[in-house]
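Hello,

Here is the structure I promised to pass on to you.

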Amino acid sequence: MGFLVPALIRTAAAVLITLSFLPPTQAAGAPAAPAATAPPASFSPHTVDPDLPGAAFAVAGDIEGDRRQEIVASGFGRFTAVPGGPPLPPAAGQLAVYRQGGRGLDTWSKRLVFDTDAAIPFPNEPSLADVDGDGDQDIVVPGGFFRCTTPCGSLTWWERRGADTWKRGDVVAPGSSPLFYHRALLVDFDGDGRRDLVTVGESAQPVSRIEGEGPANAWIQVFRGTAGPERFSAEPVDVAPGGGALPVVEDVDRDGDLDLASPQYFEPGAAYVWLERIAAPSPDRPMGRFVRHVIDTTQGRAIALRPVRNLYGEGRTTWVGTNHTNTAFPPGSTDPASQVVAFSVPADPRSAWTPTVLSSGITSRGRAGQAAPGVFGSGDMDGDRDVDLLVSGDGDDRLFWLEQRADHTFTTHALATGVGQAGGAVVTDLDRRWPCRNEAVFTVFESDSVMLWTRD
């Protein structure tokens, strides 16, 4: 569930997004992933909240301004079982803020930003940012999913008015768009001095948005920043087809302007893509002109892609991605192996990028609608001052940390088992106390819980 897009169930031939122990297929020319060994570090679980129904996405940030970090997590709600049919989706979800109590990480207080009476189906990954420029942290919440029985996509932002008071602002009111949204990034995308909301709207069925472009399952959209109290235009600028749930705004080709990179799940044709800005914003093209480039077509459907700074300790940026496949179901599945891969940007970034497989042994359970792996985070997990990776198994009901070795290969360790459809995968030092140690934060959809792991 952390991009999860916590896995949910589709109709027959289900696909899972939230979201057999077979070795992954090795990319040509890539070093073989080493076999898992006994982990040199051990970790202990802590329950932050045992009752966040349908726990889905989580982020961490200092909302209180005391250096310690709060956890902000969304919950989808519980599905309702239907004899002989697919479960009914929840009508609305929740968003909760968890504050640390005392001096340890075992005590947390919970406050809801919104409850089910806000009528927001499938609240997805929250973003923490000072939207209104008043010096505190507000929260942007994208929403919706294909499992809704009617259109349910939304974009809302929640202005912090006090310790436990939040004022709602609707950019896309729930149900007013045929698209749903999983991530919204606050960035000045058009260079006018105001930050915009950059997102990808998705649909399980192709829809048309731009004249002259055919229908697509995913559309890059920008809701422009305004000077008014609403902060954003309610009408999006449709930039280009393509992309997926968890986009990243980045100068991919290092030419001084902002591009966009993304995994693709519903949009066919490639696992990972990037869209190059080839012309600056103009009156007739307020976001500029973009052309789509394929990064990789070997990984099947994908769920996450992001740049990891200094992954190998060489001062460079490496792109890491997780696909989202099911090799165990249906029988005879031709899906590519479920795995974590790394890409170094080639000299010509418009050409295909070569994946290097980092993980081993991740595979989805033999169930319909269960795909693996899920979302990931990066940071020093074991205290040896290099960058490791934290990965949700999602359809594989384990959590993983990928330990970087001295030779820059990675060993895959199971952090926990029985935690299917997990989201979050946040690597951060929550309490900022000495000695500094990163924690691992996950949501667990199947147990309705928010959890963290500390290094022993």
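First, the ground rules. This is a predicted model, in which local features need pLDDT of at least 70 and side-chain atom pairs count only at pLDDT 80 or more, while totals for chains, interfaces and linings use all residues. Residues are numbered from 1 along each chain as its sequence is written, and side-chain values use heavy atoms, with hydrogens and water left out.

**Overall picture**

The chain has 30 strands and zero helices; both are DSSP runs numbered from the N terminus, with helices being H or I of at least four residues and strands E of at least two. Its C-alpha atoms fill a box of roughly 55 × 55 × 50 Å along the principal axes.

Of the 456 residues, 58% count as buried. Here buried means under 20% relative accessible area, exposed means over 50%, and partly exposed is in between (1.4 Å probe, protein chains only). The chain exposes about 17,400 Å², and carbon and sulfur atoms supply 50% of that; the areas come from the Shrake-Rupley method with a 1.4 Å probe, and for residues only the protein chains shown count as cover.

As for charge, there are 38 positive and 57 negative side chains, and the centres of the two sets lie 2 Å apart. Lys and Arg count as positive and Asp and Glu as negative, with His and the chain ends not counted. Each charge is placed at NZ of Lys, CZ of Arg, CG of Asp or CD of Glu.

**Aromatic rings**

A search of the whole structure finds 20 aromatic pairs. Rings of Phe, Tyr and Trp (its six-membered ring) pair if their centres lie within 6.5 Å; planes under 30 degrees apart count as stacked, over 60 as edge-to-face and the rest as tilted. One of the pairs is Phe57 with Phe76, which is tilted, at 6.5 Å centre to centre and 55° between the planes. Phe57 lies in strand 2 (residues 55-61) and Phe76 in the loop between strand 3 (70-75) and strand 4 (80-82), so this pair ties together parts 19 residues apart in sequence. Both Phe57 and Phe76 are buried.

Phe442 and Trp453 make an edge-to-face pair, because their planes are at 85°, with the ring centres 6.0 Å apart. Phe442 belongs to strand 29 (residues 439-444) and Trp453 to strand 30 (residues 449-455), so parts 11 residues apart in sequence are tied together. Phe442 and Trp453 are buried too.

One aromatic cluster is formed by Phe57, Phe76, Phe79, Phe122, Phe145, Phe146, Phe180, Tyr265, Phe266 and Phe445. Tyr265 also has Arg301 over its face, at 5.0 Å from the ring centre. Elsewhere, the charged end of Arg277 sits over the ring of Phe189, 4.6 Å from its centre. The test for such a contact is NZ of Lys or CZ of Arg within 6 Å of the ring centre and within 35 degrees of the ring normal.

**Backbone**

Most residues other than glycine have a negative phi, and most peptide bonds are trans. Where does this chain depart from that?

- The bond from Ala372 to Pro373 is cis, with omega near -15°; Pro373 lies in the loop between strand 23 (355-357) and strand 24 (376-379).
- The bond from Trp434 to Pro435 is cis as well, with omega near -5°; Pro435 is in the loop between strand 28 (422-428) and strand 29.
- His408 has a positive phi of about 70°. His408 is in the loop between strand 26 (398-404) and strand 27 (410-417), and is partly exposed at 33% relative accessible area.
- Ala425 has a positive phi of about 55°. Ala425 lies in strand 28 and is buried, at 3%.

**Two arginines**

Arg316 sits in the loop between strand 20 (302-309) and strand 21 (317-323) and counts as exposed at 54% relative accessibility. Its C-alpha atom is 9.1 Å from that of Ser344, 28 residues away along the chain. Arg306 lies in strand 20 and is partly exposed, at 28%.

Best wishes
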